[in-house]
Amino acid sequence: MLCIIRKHLAFSHRRTMPTLTIDGRTTTASAGTTILEAARALNIDVPTLCWYPKLPIVGNCRICLVSVSDNPKLVPACAFHVADGMVVATESAAAVKNRQSVLGMLLERYPTEEIPENGSRNEFEQLVRRYSVPTTRRSSLPPRTGDEREGDPMIQHDMSTCILCTRCVRACSDIQVVGVLDVAHRGEHAEIVVGADGNPEHAGCTWCGECVRVCPTGAIHDIVPLAKMAANVMDKPSSKVRSVCPYCGVGCQIDLEIRGNDLVRVTSPWIEETTPNDGSTCVKGRFGLDFVQHRDRLAKPLIRRGWAKRDNRWVWDPQESGYSAEWGRRGGPWKQIEREGNTKKRRPMFNPLRPLQMLDAPLGDPRDRVATPNDWYAPFREATWDEALELITQQLTHLRDNQGPDSLACFSSAKCSNEENYLLQRLFRAGVGTNNIDHCTRLCHSSSVSAMQRSMNTSAASGSMREVEHESDVIFILGANTTESHPVFGAAIKRAQRRGAKLIVADPRRIELAALANIHLQLVPGTDVALLNGLLNHILAEGLEDNAFIASRTHGFQDVAAAVKPYTPDMAEGITGVPAALIRKAAELYARGPHSSTLWAMGLTQHRTGTDIVASLLNLVLACGKIGRWGSAMMPIRGQNNVQGASDCGAIPMVYTDYQPVTDPGIRHMFAEVWGVPDDRLSLEPGLKVTQIVKEGSPVRGMYIMGENPIISDPDVSHAEDWFRELEFLAVQDLFLTETARYADVVLPGASFAEKVGTYVNTERRIQLALKAIEPPGEARADIDILLDLTRRMGVHAPFTDAAGVMLEIASVTPSWRGVTHERLGGAGLQYPVHDETHGGTPFLFDGRFPTSDGKATLVPVDYLPAAELPDKDYPFFMNTGRQLYHWHTGTMTRRSTGLDSREPTPTVEISMTDAREMGIADGDPVRITSRRGSIEIAARLSPRVARRQIFVPMHYREACANLLTNPALDPYAHIPEFKVCAVRVAPVRAHDAYEEREELGGRVALSAGDD
């Protein structure tokens, strides 16, 4: 009976809405609300130090103590719950006296002599001034000590200003779910330290900067690259501009701190603002943006020597001054990528996957190592904008008129804004008359788009990242190394698991999330269809499918049920290597949910069967009804910051904006009318895709490339490089003289994300506005201005003056963006569909129907096919490729960031410790990897993450280019290459004994039999 009464009282308490008074103002709050929360809702500023939004409450600083009527003692506002009739005074004499006492005590071990006279430098010192606390120290205790991170290129600690609020410890543990920092010792000896052995490498630090963000004193602070060049760089910036991170598809909002025309620092939006990242950043977003001001930035247009203007026409003349016959028509004083792959590499500094450090290596300034070599500029001369654009216009027109529109093609960019991508495809469709328009989506998620379009007539995620974090009961992640490729979202997934969500990871490598997962399905590379069919087979055998959803929302279920019938878990085990019992367990966990989210990335898509793999995954999602309800998100995690938006805006060869087919005459007429060209100017034939454009026999003889670097990103790089060298004309618009730009006839200096206004779409369909913070260097121009100038020179009407005007036209021809304007994109932006100017966006999709003719999705039966190339006696290893935490794609930006390139300056290959032991390879040793297409020399990184006879090569390094080795076999639907599976052999560059090596170098760690 007593138990029943207690439950009733608890229920009544939950229903009560207490009314209280704070500083004379009456308010009502929910039961369980703290005094601090109620005060903040009234904009009453109760001072805090240890408290921080979204961190666990510890109540140890005592700064927030307030007076409550009928309570003889002060109470902590951060931890004391409101009650009906409560009267609170936040600035009572007792509360103020307490704060003065606490602040004075903290100042006893603080470098008070550094506090500016009549001023303050940080949150703590602001409170000292607010409460008029004397800054004269009376104690003989020395300032605190602790971790200093000497020599760290991004974060340093000055623990003399530490007040032991422990915000940094809790932020690292509870926001990033890493737990690098801790409190050591007790009493006057207490200090903040890095865990493990004090080395942040070994403690698992990812240099995300979360500790920097929350520290109230600056005891933990970032190092600004510009600080090496300018005095007083940490002074208050002259302005702060909101932007969007230019790296991955999470779409983190960031604040750029500006002084003059310098980007001096990157900070986070306030944690309680509604942003995709809740104000968090990863190492690239906070510390990797100094590439914007790298000395390599192109500042003037360049024209290849050999072009001369005669009789008002540009002609190619090898006799022109400065042209070198030694280099040939399109060459230069550089090694081709294949030759660079076989050059000797320096040893890496460390191995974060191993418990002990390697030898230090003298690396020097990364800017000296990755800067564009001076002689790369030798084949070019500086030109005026008029010369450069006149030459491009002449050659585009010449090829169009003499060899036909399809002799030309353009690569758009997932790094450029929606407006810029729209203008480039508009130019080539309306000005040239070709649909040969594509970008890097072809190399990442085109197979997802192909499968999703076929099944659901959609190309974007159904849900949101915060939905996954807060509402999903089960999270199934396939082929996505989220904590390295999308770290802010990866942290959210770790928080979801800490909340109680179950995590299933399907990945050939034991990545961080796989190590944390409730179930890791470690499959043989390329066997995903067999695994997914095996999961669905068991679900159907156990009767766990959602029959109501299947009947009302889908077609084709019976065909798929018949197709998966042979794929029992035992059969799937024989193909995938995943134990049948684990397949059964994962299937039941996913199907029972009840709210299961499904996330995947390029580990699923970059196969010659990529469309089939995604189709089999969609069959699983639909059969279990895990879509169309809150908490069950279907999310292809997009790679680059605007790969979703570039596709949405028509930068792909078979569709206009919003995936409207180019083959439909009615749609063609609508676009022709808006663009002011006759219908027959716009082709009804789908264009060539990236991987078709560069094939032998391609009709393409001239190209315009904006912000892409295909000579590094295309499969079979040797072929790609040779193909580009044979073009009749190549123009490149970029920030740097990239590996591709060095073969151009004309190079146009564009603007970085920080130097222009534009919108970007993240992985959850969120359109966000980035503002201009600084001017481009030299004569570089905003990309939109370059494209508008070129459009008008090509005779196409372009009635725009800015990006906002371009967006108005995009919205007019794009049904799901009808209500989008720049003015409406403040704050968190809008998730499309945005149906009209009053519509607030769409957090999740498909709650009632799919965007098909009858509202139903289609399940597509799929059979397992092996990878195009499997290991054999000559090439016994599987090779996988992908990203590292500290670099991005072809390295154009990250390898020009001081901090990032200091972390990973050397290309490495992850190899099993058992395989390495058998071959006599120690950490850091040079090895040669050879496929049927080429070979590279690279440093070995002994790794517990890869299985035996598997290796992982990052994609970021020109000097050890993974794509020299990859198989160009293509998916028949999406034409995406098989980047994730190819057969290679691995051998040490020189034979040696690992134990002798240890003796030679003194600090090296020998391999032991227990390493694997």
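I started at T166, which sits in the loop between β6 (155-157) and α5 (167-175). The model is a predicted one, so I keep that in mind for every entry here.

Is T166 buried or exposed? I found 14% relative accessibility for T166, so this residue counts as buried, the cut-off being under 20%. Then I looked up what T166 touches beyond its neighbours within four places in sequence, and got V58, N60 and V183.

**Other end of α5**

Next I moved to Q176, in the loop between α5 and β7 (181-184). Q176 has 7% relative accessibility, so I put it down as buried. Which residues does Q176 touch, if I skip those up to four places away in sequence? My list reads A171, C208, E210, S280, T281, A491 and K494.

**Whole protein**

Time to zoom out. I counted up the secondary structure: 34 helices and 39 strands. The C-alpha atoms fill a box of roughly 90 × 70 × 70 Å along the principal axes.

I also checked the radius of gyration. A compact globule with 1012 residues would come out near 31 Å, and the protein has 30 Å, so the two agree.

How much of the protein is buried? I got 63% of the 1012 residues. The accessible surface comes to about 36,200 Å², and carbon and sulfur atoms own 51% of that.

One more on the fold: I took the contacts with a separation of 6 or more, and 73% of them link residues 24 or more positions apart.

**Helix α3**

Which residues of α3 are buried? I wrote down A95, V96, N98, R99, V102, L103, G104, L106 and L107. The buried residues of α3 pack against β3 (65-68) and α4 (123-130).

**Helix α13**

Helix α13 (residues 446-456) is mostly covered, with eight of its 11 residues buried. The buried ones are S446, S447, S448, V449, A451, M452, S455 and M456. What do they pack against? I traced them to β23 (596-600), α23 (602-605), α24 (610-623), β24 (634-636) and β31 (857-858).

**Nonpolar cores**

Which members of the largest nonpolar core touch the most other members? Out of 75 residues, the answer is L256 and F489. Helix α16 (residues 487-499) gives this core its largest share, five residues.

I followed F489 a bit further. Leaving out residues up to four places away in sequence, F489 touches V250, M465, V468, T482, L599, M635 and I637. There is also a second, separate core of 62 residues, and its members include A383, A388, C649 and L790.

**N418**

I found N418 in helix α12 (residues 418-432). Its relative accessibility is 0%, so N418 counts as buried.

What does N418 contact, apart from neighbours within four places in sequence? I listed N642, G645, A646, C649, T759, Y760, V761, I767, I810 and W817. C649 had already turned up in my notes, as a member of the second core. With T759 there is a polar contact: the two side chains are joined at 2.9 Å.

I also compared N418 with Q644. They are 226 residues apart along the chain, yet their C-alpha atoms are separated by 9.3 Å.

**A586**

Last stop: A586, in helix α22 (residues 580-592). At 2% relative accessibility, A586 is another one I count as buried. Not counting residues up to four places away in sequence, A586 touches I504, I519, L521 and L535. For L535 I also looked up the spacing: it is 51 residues from A586 in sequence and 7.5 Å away in space, C-alpha to C-alpha.

Key
Residues numbered from 1 in each chain as written. Predicted model: local features only at pLDDT ≥ 70, side-chain atom pairs only at ≥ 80, totals over all residues. Heavy atoms only, no water. Helix = DSSP H or I, 4+ residues; strand = E, 2+ residues; numbered from the N terminus. Buried < 20%, exposed > 50% of the residue type's maximum accessible area, 1.4 Å probe, protein only. Contact = heavy atoms within 4.5 Å. Polar contact = N/O pair within 3.5 Å; in protein donor to acceptor, adjacent residues only side chain to side chain. Core = buried A, V, L, I, M, F, W, Y, C linked by side-chain atoms within 4.5 Å. Rg over C-alpha atoms; globule rule 2.2 N^0.38 Å. Areas by Shrake-Rupley, 256 points an atom, 1.4 Å probe, with all protein chains shown as cover.
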